[in-house]
Structures are given as structure tokens and as C-alpha cells.
Amino acid sequence: MIIDKSEIIENTQIAKDIWRMVFKSAEIADRYLGAGQFVAVLANDDWEHPIRRPMSIANVTDDRISIIYKVFGFVTEALTNLKSEDYVNVLGPIGNTFNVKYETFYPILIGGGIGLSPILNLSKCLVYKGIDFTMIIGAKTSTEHFLEHNPNENLFLSTDDGTLGIKGTVIEGLNIVLKDIRNPKIFACGPEPMLHSIQKMLEEKSIPAQFSVESYMACGVGICQGCAMHKKQNDGYFLVCKDGPVFEANEVRFD
Amino acid sequence: MTDLTCKIGSIEFKNPIFTASGTFGYGNDLPEFVDVSKLGAIVTKSITYEPRIGNPPPRIVETPSGMLNSIGLANIGVKRFIKDIIPIYKNFDTKIIVNIASSTNNEYVKVLKEIESISSDIIGYEINISCPNVEHGGMELGVDAELSSNLITELRKHTEKLLIVKLTPNVTDITKIAKAVESAGADAISAINTIVGMGIDIKTHKPAIYKTYAGLSGPAIKPIALAMVHKISKAVSIPIIGIGGIVNFENVVEFLLAGATAVQIGTANLRNPNAGMIIVDELNNYLDDSRIMHYSELIGKLKLYE
């Protein structure tokens, strides 16, 4: 893990309130382990907003690192104002990775909202390795999507309002997909209610899953203990930054 | 070259920049780029007698120029601290101060005696009588001069090491508590701990933090911390360690002028765990440029308006 002032290569809007930033950091790329890891970004150097924002890595190619972020507050708004050749202060890479046992399971990838960032990253790894998989991406409405709904290519989109792809949440999509798949394993990232729904559904069907969870976080290095996540087994907590962000679905408790 | 050596009680520190409890873990297990040897001291996360799992999430939220936290003293307990962490400190080229928190007077004494019973590199204790995020023992003790005094009198009997008392700003008159712990035998005062605050999420109508009330830290509280440090400095003669929203050397100079002998870096560590080390370098350069031979020339040198 390192803090790097990274040069921005590209920072563009790809859907409503959704942006992709590509920055250059050989230091972070050298330490990168795989899909699931994230970085913590500082939009500017003043102290009005002291805390870094955790953002999943969407792709790493050579020394280029991509993140996909949603604009929902002052800091993410400020990020959109950065241009190529500007610098962004990035801490990373942070956390563990998805662990895909390709030989035994058929991977179903699910990304909800901005949770699609690490899921896209994982999908690229699977394509690179020649592993077949299905991907389900959920959003509130069609304008938040930037991929094509294409069931023939095993890419399913869902929107809460039905304006694109399957009407409803990724759960509806998952129900459709599961009918035709044997030995599935789910790899999901998204807001807590989505992961909670998937967890309940899979428990009934005894389907294994890995979740990359989102959390409030201050330091990203394990010292603030802010990113607590309930353990399923006992009353204790994981730290999302140190123990995660990827957990087996049966390790964590949402409530 | 400016002299940064700092003396509190009988202990000499290489500089007056320490890390604040709860913002630097136990000082181990940090990212590779963090060089703790540059620090004057590390103040550990609060240690209690029994391990604590801490409070449910959400535990932290950002606020304008600050943050609220309610971690709930999550820690491994004194026995594991002694077994797993203290031996590591042999290899640390900085001083270690153990922050102790507890629910009862008896428990503070028990934690301190456990650590006193072994030979270690610990040079002193910071007694946390000011945590706003636990039901018992934190702040309720720190707002009462007599209770604070009784506790410090008791702890003083069991240690020759440095005894620092960390005060809460959530009081009407902090100088009363400061005087009480000074009389009870404290070697130094650290101030301030976080200020009780609250956030509300208007989407869910829930508090931003699970425990409703939380501790506010960061640059937002610096003016309050400066005023408290200044008031305490006029009330007691023991050294003060200033804490509250320090993010750069300019802030350190402010606290020195207000009367602090040393400072602790807190929230800034959460943005960059190397913050303290960077501030040491900045301070060194500033003092060199200002031709100040020893940093202590600044302590308490505030020039009040006539």
C-alpha cells in the first residue's frame, strides 16, 4: 500500500451521475493483487472534507488504474472537475480480492449501482482467462447504465423502473439466470440491501457466494476501526479495509 | 539545526510530535511507507482490562472539516496487549505511551498494574477519563474534579512512570479538572479529547452514528482545543500536550504559543498515517528558517493584546 500523487489520464462521464477516472500510478499497479481491491481517493488538499473516499478498482492495465464513481456529494462532484494531467492523491491498493475457484463453479457476477466497478474488473479477469460466466448489472433507471442488455451474451441488465432490461432488482435477474445454471457461485458487489436480499435468497438454495461490501471508512489502513462489519458467527466485527472488502456470504451479517 | 527535543516529567522525547490515541492503532501493522522512528512518541489505542469488540456500525461519518466517531474502545484487552504487542516495542525507535480506559477505578488500576508487573519499553500512561463513546468510565469521570482526582491519586501509587491525564472538553470549566489532576500527581495533561456531537441522515431519519452521540474531531474543533489549552496553561504548571485538529506545522506552532509543550496528531493520521512524520519535517524547516534554536522558545509565548 502506498500514497501516490497520480496523474489523471482521463476523467469522463459514462452515464447519468456515473464517471470513469483513469490515472497513472506504477506504484499502486505494482502492488495490485486483483479484482475486489480498492483505492481511497482525496479530491483536493484542503481540510474541508478530511476523509478519503473508498472506490473500487474497475481495471488495471500496465500502470493505468480505472475507477468508476457515482456523483452524490460535494467530494465526488469535485472529482468530476479534475482534468487529464491534473493530479489526484490516491492511497492503495487496499484489501483482498475475489477468489474464483473456476474449475468447480459457474460464476455469476452481480453488480448493483456503483458496485459494478469491481464486478467489471472481475469480468475482465474471467474473459482474460477464458472462463465462461454470466453477469447481472442493476441500476435504478436506464440512464444510469452504460452497458448493453444482451442475454445472448450472458449480460443481463435490470432497472428498478423497467426502462431497460429486466424490470426490478438484480434479484429478478438472478432468478431468471439461476434456472439454467448448474453449480453456480455468486460474486456480488452493491449496496447493503441488495447484498442482504441475495444472501437470504442464496441461503434457501444453498448457493455459495462472495460479497464485496461497501462501508463508511476513514483511514483504509486498519487504524481507525471505523469500517466495522458484523460477523455472522459471533458478536464481533470484521474491518472491511483489513479483513475485506470481499467476504464469503455466510461470514457476514447485514442488519 | 533547531533542537526539537522535548521533556515531559523525566522523559526526553526526540520531538514534540506524538500520535493521538485511536488514530494510530498500537503503532504496529502500519503500511510500509510509515516511519514511526520520526515521531516523538506513539500513544496507543485505549487498552481496557477485558477485550472489547466496540460499537455496531455506522461508527464514523465525515462532517464539515471534521468527523464523528464512535468506535467504542474496540481493543484486544491488556493481557493480549502484553503478550502480543508490548514485545514488538523493543524494536521501535520512538517512545511508547499506553492509553488506558476503563469502566471503574478498580479496572484502571488493574490495567496499569498488569503493565507495571512486567519489564517493558513503555515509558508512561495516558489515562483516558474522557471517552464520550462508552456507557461507563469515560467522560462521566472526566467531568467530575473529585472523581478524577481520586483516580489519579490511586494510579500514582502504582507507577513511577509518566502519568498523563487526557481531559474532555465537554465540561463547564476544564481548568477545575486540570487543577484537580495536577494536585493528584499527574505529570502532564493532554487536551482535548473529542467533543460530543451528532449527525442525522435525512433520508433515513436515523442518526448518522449507531450510538446517536459521537466524538467530533478534526480541524473543526481546533479553535476550541486552542482555547482550552490556553486556559489550562494559565491554571496549572505541569506540561500540556495539545490535541485537536492539528494537520500541519502552522497548527503545531499555534498550540505551542497557546502553552502546549507537545502535541498529538489525530484525525490527520486517518488521511495519511505519515502525517506526524511530515509535520516533524515541516516544523524543523520552519524553526530553522525562523532561526529558533529550540522549539520550546515558542511555548506559551502568545502575545495578548494590551
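Start with helix α6 of chain B: its buried residues are Lys222(B), Ala225(B), Leu226(B), Met228(B), Val229(B), His230(B), Ile232(B) and Ser233(B). Buried means that 20 or more other C-beta atoms lie within 10 Å of the residue's own; 12 or fewer means exposed, in between is partly exposed, and C-beta atoms are placed from the backbone.

Before I go on, some ground rules. This is a predicted model, where local features need pLDDT of at least 70, side-chain atom pairs count only at pLDDT 80 or more, and totals for chains, interfaces and linings use all residues. Residues are numbered from 1 along each chain as its sequence is written, and chains are lettered from A and ligands numbered from 1 in the order in which they are written.

Back to α6(B). Helices (H or I, at least four residues) and strands (E, at least two) are DSSP runs, numbered from the N terminus.

What do the buried residues of α6(B) pack against? The partners are α5 (174-183), β10 (188-191), β15 (240-243) and α7, from chain B. Contact means C-beta atoms, placed from the backbone, within 7 Å.

Next, α9(B), residues 275-289. This one has 15 residues and reaches 21 Å, close to the 21 Å expected. Buried here are Ala275(B), Gly276(B), Met277(B), Ile279(B), Val280(B), Leu283(B) and Leu287(B). An α-helix has 3.6 residues a turn, so residues three or four places apart point the same way. The cover over the buried residues of α9(B) includes α7 (249-258) and α8 (267-271) of chain B. After α9(B) comes Arg291(B), with a positive phi near 55 degrees.

Now chain A. Its domain assignment, automatic or from a database, gives domain 1 (2-94) and domain 2 (106-251). Their C-alpha centres lie 21 Å apart. The contact takes 23 residues from domain 1 of chain A and 21 residues from domain 2 of chain A. On the domain 1 side, β4(A) gives the most, with five residues.

Last, the chains. Chain A puts 24 residues into the contact with chain B, and chain B puts in 32 residues. On the chain A side, β1 (2-15) and β13 (228-230) each give two or more.

Key: Two residues are in contact if their C-beta atoms, placed from the backbone, lie within 7 Å. The expected span of a helix is 1.5 Å times one less than its number of residues.
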